[in-house]
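Here are some notes for the file, to be read with the model open.

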Amino acid sequence: MRRILGLKVDVDTRRGMEEGVPSLLDTLHAFHATAAFFLSFGPDNSGKAVYQLLRNPRFLFKMVRTNAPGLYGFRTALYGTLLPAPMIASSLPGLCREIEARGHEVEFHAWDHRTWQDALPRKRAVWIRDWFTRGFAAYEEVLGHPPRSFGAPAWLLTEEAVAVLREFPLEYLSCTRADAPFVLEGTGLVEVPSDLPCLEEVGGRNGVPRVLAALDAGGVHVLPVHAEAEGGIWRDAFVEILRGASDRGYEFLPLSRIASIVREGALRTRPFRSALLRGRAVPCAV
Ligand SMILES: [Zn+2]
């Protein structure tokens, strides 16, 4: 059985972009690995997460358990509240182009990540369309071409969001957590889900053996990576995963390649539903 590992890197914050991305580029280079970077282009409103702390106790436990201050930094915790929200990928166009120049794929993750994550279920089509329009414009201004893919922030989707994203010229999606690729109902697009757990969900460094055990059987897998984590305090754990995958005979392919490989087979069309996965604070699309 073919052994392919897709690395889906999400960049959610200014610090993840500024410090995490260069660190990840070095790590990936050492393994001759290519990844797909899903970037947030607009404002970093991370500080607004403080309102989640007040509403959802699971969120607070998660922040403590995963050492959120170490992951995100003190300034990040104030962006959008006491400090103004800085722009993320939009303000670092050279770095966006460098990711591509180094052979990786750059895709669209968010305009305003925090607001999607906190408020999407209350948002109607007009707001969602505006969010995509700004994000696509920012992406094209920086990269000079439209994105091929969208990866929903926090793997959060609604029916309304699916209806709107059809209006944008995308080639594939990576919006859910599921075991295998499928065609997302209502879009006609191949969905390349993340099937492996992210380090944050399996207790950071200690979770590496669990991630590697899932690779023993071979096949096509997608690992969700966060620039803030694997490009920061869990850099060593990420190196261990890449080494383990490489020892097991995996090749690292960008998600667009995986999408075209799986498109050749007969994929089932399926809807998404929301579920609370182990180690997560809020439900996501599965
Ligand atoms: Zn994200």
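1. A residue counts as buried if 20 or more other C-beta atoms lie within 10 Å of its own, and as exposed if 12 or fewer do. The model is a predicted one. By that criterion strand 2 (residues 36-40) is mostly covered, with 5 of its 5 residues buried. The cover extends to both faces: Ala36, Phe38 and Ser40 are buried on one side, Phe37 and Leu39 on the other.

2. Strand 2 has partners in strand 1 and strand 3. With strand 1 the pairing is parallel and runs over 4 bridges; here Val9 is the residue opposite Phe37 of strand 2. With strand 3 (residues 105-110) the sense is again parallel, and 5 bridges join the two. In this pairing Phe38 faces Glu107 of strand 3.

3. His32 sits in the loop between helix 1 and strand 2. Its phi is positive, about 45 degrees, although the residue is not a glycine. His32 is exposed, having 10 other C-beta atoms within 10 Å.

4. Ala154 is another residue to check, as it has a positive phi of about 60 degrees and is not a glycine. Its place is the loop between strand 4 (149-150) and helix 8 (159-165). Buried or exposed, in the case of Ala154? Ala154 is buried: 20 other C-beta atoms lie within 10 Å, and the cut-off for a buried residue is 20 or more.

5. Helix 11 (residues 235-247) has 13 residues and spans 18 Å from its first C-alpha to its last, close to the 18 Å expected at 1.5 Å a residue. Phe238, Ile241, Leu242 and Ala245 are its buried residues. Seen down the helix axis, the buried residues of helix 11 fall within an arc of 95 degrees, so they line one face. An α-helix has 3.6 residues a turn, so residues three or four places apart point the same way. Asp236 and Asp247 are exposed on the other side of helix 11.

6. What do the buried residues of helix 11 pack against? The elements are strand 1 (3-11), helix 1 (14-30), helix 9 (208-213), strand 8 (219-226) and helix 10 (227-233). Just after helix 11, Gly249 adopts a positive phi of about 85 degrees.

How values were computed:
Residues numbered from 1 in each chain as written. Predicted model: local features only at pLDDT ≥ 70, side-chain atom pairs only at ≥ 80, totals over all residues. Expected span 1.5 Å × (residues − 1). Arc of directions from axis to C-beta. Contact = placed C-beta atoms within 7 Å. Pairing = 2+ DSSP bridges.
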